[in-house]
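Please look over the model shown here before reading my points, which follow the helix packing and then the pocket.

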Amino acid sequence: MSRSFVHLWLKKEKEMRQEILEHIKELEATKDIKILLAAESGSRAWGFPSPDSDYDVRIIYMHRPNWYLSITDKKDNMDYFIGKELDINGWDIRKVLRLLRKSNASTFEWNQSPIIYQSVGGFQEELMSFSKQFFQAKHALNHYKGIARNSYESLVDKENIKLKKLFYVLRPLLAAMWVVEKETVPPMDIFNLFEVVKEEKIITTIKELIALKETVNEDYMHRLDNDLDGFILAGFAKIEQTEHLADSVILDATPLDNYFRNLLELR
């Protein structure tokens, strides 16, 4: 990248961060909520943004205690769109904890984001502790395998595909490989997932594609390299070998109930 390009990119990042923080404050005031975590998701947090990548902000928030004391179910998610570049949405803390109990991958990922806009002290550490406690490998594997498989099958013409879509295959595939090999919560950032890739040539190829993606818009078309395609197909074969993974079960919710009640007392 040229020095002038980097300067403009940094300037835009600073301006967008300030805008996002202002929207977060506005949401807290107008919705009477407390945002426990606001983090970047999508390609910026995954490690392979394009110059025109959107800002995908995910929030975890909580209402005042009386909001939860009702016999009726209330909306527990929020969508907030600003123009073409900024998308803010998220879930109420009770929904998050319910999903975490089921080993929902999104709750693990948001908490690991390398780009944090707002976080209540100690919240990320506590959520990560619960993520490890309630992680179930087979459930996580099915999540990532499904995304990777669907994305790969959408690549109809491998001679002319969107580079963006190729990464929608690679990252979840690497995450699925991580789950099969390590049976732990996979990292969010693609660079940390390289640990499960044994072929240095493949790592180099992916890094080159990441560097390319940083310089081209999201509609850029690319040819799928034969070696990389072979790696992808071998990866799918590998993640089918799951006999060693325990079946998913519903774990006791008591620790999450207690944590939720403690949060409400602080509110």
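At what angle do helix 5 and helix 6 pack, and how far apart are their axes?

1. Helix 5 and helix 6 (residues 123–134) pack at an angle of about 145°, with their axes 10 Å apart. Here helices (H or I, at least four residues) and strands (E, at least two) are DSSP runs, numbered from the N terminus, while axes are lines fitted to C-alpha atoms, for helices over the stretch in contact, and angles run from 0 to 180 degrees between N-to-C directions. This is a predicted model, in which local features need pLDDT of at least 70 and side-chain atom pairs count only at pLDDT 80 or more, whereas totals for chains, interfaces and linings use all residues. Residues are numbered from 1 along each chain as its sequence is written, and side-chain values use heavy atoms, with hydrogens and water left out.

2. The contact (heavy atoms within 4.5 Å) between helix 5 and helix 6 is made by T107, F108, N111 and Q112 of helix 5 together with Q124, L127, M128 and S131 of helix 6. By class, this contact of helix 5 with helix 6 has 3 nonpolar, 5 polar and no charged residues, where Ala, Val, Leu, Ile, Met, Phe, Trp, Tyr, Cys and Pro count as nonpolar, Asp, Glu, Lys and Arg as charged, and the others, Gly among them, as polar.

3. Helix 8 and helix 11 also have axes 10 Å apart, and they pack at an angle of about 40°, which makes helix 8 oblique to helix 11. Angles under 35 degrees count as roughly parallel, over 145 as roughly antiparallel, 65 to 115 as roughly perpendicular and the rest as oblique. The contact of helix 8 with helix 11 has 11 nonpolar, 1 polar and 2 charged residues.

4. For helix 10 (residues 200–213) and helix 11 (residues 226–238), the axes come within 10 Å and cross at roughly 115°, so helix 10 is roughly perpendicular to helix 11. On the helix 10 side, K201, I202, T205, I206 and L209 meet D227, L228 and F231 in helix 11, and by class this contact has 5 nonpolar, 1 polar and 2 charged residues.

5. Turning to the pocket, which residues of its lining are closest to its centre? Of the 16 residues that line the largest pocket, these are S41, W46, E109, I147 and R171. Helix 8 gives the most to this lining, with 4 residues, and by class the lining has 7 nonpolar, 5 polar and 4 charged residues. A pocket is an open set of points on a 1 Å grid over the protein atoms alone, where a 1.4 Å probe fits, with protein on both sides within 12 Å along at least five of seven lines, and lining residues have an atom within 4 Å of a point.
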